[in-house]
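Please read this briefing with the sequence and the 3D structure side by side. The points are grouped by topic.

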Amino acid sequence: MTRRKPDLDPLSRRERQIMDIVYRRGQATIREVLDELPDPPTYSAVRALVRVLEEKGHLRHTQDGPTYVYAPTRPRDRVATSALAHVVDTFFGGSASDAVAALLDLDGRELSRAELDELGTMIEQARKEGR
């Protein structure tokens, strides 16, 4: 299988937490991120992490008076697709079927009948489209 290069650099655990906050809010200041982070580090540490996220291309900022307001550079669903492709390539050798099999076998996470039906519909649609 051909390995795809992720659209953006991968994120650390703390960077993912920050991005989750910014996506949930739509935009956020350092103070707002700090207030929502679990077991938050210092203000300076959050500011440094946000700067790294900007350098990696995940965030951009605008200025509101003396305050920087950060927003994601890409829609969450597009970033999620890129991240999932990276996981499939890294842990499943590029095999989507192996990744789906692993999802179906997660301990303690049974799919509902509706979710299974939805997956079946998506598979049939992909067959029709020749994917």
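Which residues make a nonpolar surface patch of about 480 Å²? The patch is made by V100, L104, L111, L116, L119 and M122. Keep in mind that this is a predicted model.

**The nonpolar patch**

- Two elements, α5 (96-104) and α6 (113-128), each give two or more residues to the patch.
- Helix α6 supplies the largest share, which is three residues.
- One of the patch residues, L104, lies in helix α5.
- L104 has a relative accessibility of 48%, so it counts as partly exposed; the exposed class starts over 50%.

**Helix α3**

- Helix α3 covers residues 43-55, which is 13 residues.
- At 1.5 Å a residue the helix should span 18 Å, and its end C-alpha atoms are 18 Å apart, so the two values agree.
- Which residues of α3 are buried? V46, L49, V50 and L53 are buried there.
- These four cover an arc of only 100° around the axis, and therefore they sit on the same side of α3.
- After α3 comes G57, which has a positive phi, near 95°.

**Y70 in strand β2**

- Y70 belongs to strand β2.
- Is Y70 buried or exposed? Its relative accessibility is 8%, so Y70 counts as buried, the limit for that class being under 20%.
- Leaving aside neighbours within four places in sequence, Y70 is in contact with V22, Q27, A28, I30, V50, E54, L59, R60 and H61.
- One of these contacts, V50, is also among the buried residues of α3.
- Y70 and H58 are 12 residues apart along the chain, and their C-alpha atoms are separated by 9.9 Å.

**R76 in helix α4**

- R76 is part of helix α4, which covers residues 76-92.
- With 42% relative accessibility, R76 counts as partly exposed.
- Not counting residues up to four places away in sequence, R76 touches D20, Y23 and R24.
- The C-alpha atoms of R76 and M19 are separated by 9.4 Å, although the two residues are 57 residues apart along the chain.

**Salt bridges**

- Side chains of opposite charge can pair when their charged atoms come close.
- How many salt bridges does the structure hold? There are nine.
- One of them joins the side chains of K56 and E15, at 2.8 Å from N to O.
- This pair links distant parts of the chain, since K56 is in the loop between α3 and β1 while E15 is in helix α1, 41 residues apart.
- E32 forms a salt bridge with R25, with the closest N and O atoms 3.0 Å apart.
- E32 is partly exposed, with a relative accessible area of 28%, and R25 is partly exposed as well, with 38%.
- R25 also forms a salt bridge with E36, where the closest N and O atoms are 2.6 Å apart.
- This second pair of R25 links distant parts of the chain, with R25 in helix α1 and E36 in helix α2, 11 residues apart.
- E36 counts as partly exposed, at 30% relative accessibility.
- Salt bridges that share partners join D20, R24, R25, E32, E36 and R76 into one network.

Terms used
Residues are numbered from 1 along each chain as its sequence is written. This is a predicted model: local features need pLDDT of at least 70, side-chain atom pairs count only at pLDDT 80 or more; totals for chains, interfaces and linings use all residues. Side-chain values use heavy atoms; hydrogens and water are left out. Patches are made of residues with over 30% relative accessible area and no salt bridge: like charges are joined within 9 Å, nonpolar side chains (Val, Leu, Ile, Met, Phe, Trp, Tyr) within 5 Å. Accessible areas come from the Shrake-Rupley method with a 1.4 Å probe; for residues, only the protein chains shown count as cover. A salt bridge is a side-chain nitrogen of Lys or Arg within 4 Å of a carboxyl oxygen of Asp or Glu. Buried means under 20% relative accessible area, exposed over 50%, partly exposed in between (1.4 Å probe, protein chains only). The expected span of a helix is 1.5 Å times one less than its number of residues. The arc is that of the directions from the helix axis to the C-beta atoms. Contact means heavy atoms within 4.5 Å.
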